[in-house]
Amino acid sequence: MKTSLTGIKPTGTPHLGNLLGAIRPALTLAEEYRSLYFIADYHAFTATHDPKALRAHVYDVAATWLACGLDPAKTIFFRQSSIPEVFELSWIFQCLVAAGQLERGHAYKDALARGESPNAGLFAYPLLMAADIILYDADVVPVGKDQKQHLEIARDVAVRVNHLFGEGTVVVPEPKIEEQLQVPGLDGRKMSKSYDNYVAIFATQKELKSAVMKIVTGSEALDAPKEPEGTTVFTLYRAVASASEAEEQARKLRAGGYGWGHAKQALFEAIDAEVGPKRALYAELRQDEAALDRVLDEGAEKARTIAHRTMQRVRARIGIAR
Ligand code: TRP
């Protein structure tokens, strides 16, 4: 059985775009692969130096993924920071990769372009990510387009290690660039934390309703025919509802006599049907941090076994082990 690995950066309130574009597809992998899911807390630390927020976001992510169906008995779910060997491996990679390759890293270059002075952690970010992947012998890493370059770096590193120290030293990961479902936010741009246009997965029903009702729509009269394609309400509806429901809504809008208010009500109901059943479970999981720690620690035990095996192999090959 091949291994898939998913890294989740705990940076903010998980939203509907994350659920539809990332969480749902990632969870289906567990049916076909030995699946590891880890919370990349030390990747978040490149940008977040607020201990309370960082800790809270780790629990938010853990409770979210569990509430959305991650089964910790069938998968390996853990905190990145629980396995410090990842830093040892990323150091090894730092000694094998030209600094110039990291200077071309998108995240680092973008920060420079914005006039920031990025920390060395952001510079080395792709190699910590490569270590995340290679430490656990991951064959497949599903990522969105924004992570494509990071994955190419991880692949280059693995190939280089095997070239220098012998085939089979590490597993070379396959890129699996997901055509991610584009979920629009409330203002029509891509749903994103940075645009503050998102619908939190676990907003209360009331918050959800008021967020949906705020979506800007056309102002055609009720009986006027309306073009659904390209509108925020319909695009969101299509992302959440079934294909036949979406078709039905498009037909009604085009026919006239069906208003944007009706479409929003249908959208609210579709989102609520998706997240409603998970809401109570999330609240229950989120309030017991000790229980979440236990789940993540059990996952870390399983991850550690794989990590130790990889590091023994790597250390021996590179001349560090006795
Ligand atoms: N960099 C990824 C992101 O920002 C998170 C991540 C960290 C990751 N390590 C990983 C993803 C390893 C896949 C594999 O979303």
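1. A quick definition to start: two residues are in contact when heavy atoms of theirs lie within 4.5 Å. With that in hand, and remembering that this is a predicted model, here's how the two domains meet: eleven residues of domain 1 are in contact with nine residues of domain 2.

2. So you know where to look, the protein chain splits into domain 1, made of 3-183 plus 289-318, and domain 2, covering 205-283. Taken over C-alpha atoms, the centres of domain 1 and domain 2 are 35 Å apart.

3. How much area is buried between domain 1 and domain 2? It comes to about 870 Å², and carbon and sulfur atoms give 73% of that. On the domain 1 side, have a look at L16, R24 and A67: these residues lose the most area to domain 2, and together they make up 45% of what that side buries.

4. Now for the charged part. One salt bridge is found across the interface of domain 1 and domain 2. The side chains of R24 and E274 form a salt bridge, with 3.0 Å from N to O. R24 also turned up in the previous point, among the residues of domain 1 that lose the most area to domain 2. As for polar contacts, the count between domain 1 and domain 2 is one residue pair, both at pLDDT 80 or more.

Technical notes. Residues numbered from 1 in each chain as written. Predicted model: local features only at pLDDT ≥ 70, side-chain atom pairs only at ≥ 80, totals over all residues. Heavy atoms only, no water. Buried area = accessible area lost by both parts, 1.4 Å probe. Salt bridge = Lys/Arg side-chain N within 4 Å of Asp/Glu carboxyl O. Polar contact = N/O pair within 3.5 Å; in protein donor to acceptor, adjacent residues only side chain to side chain.
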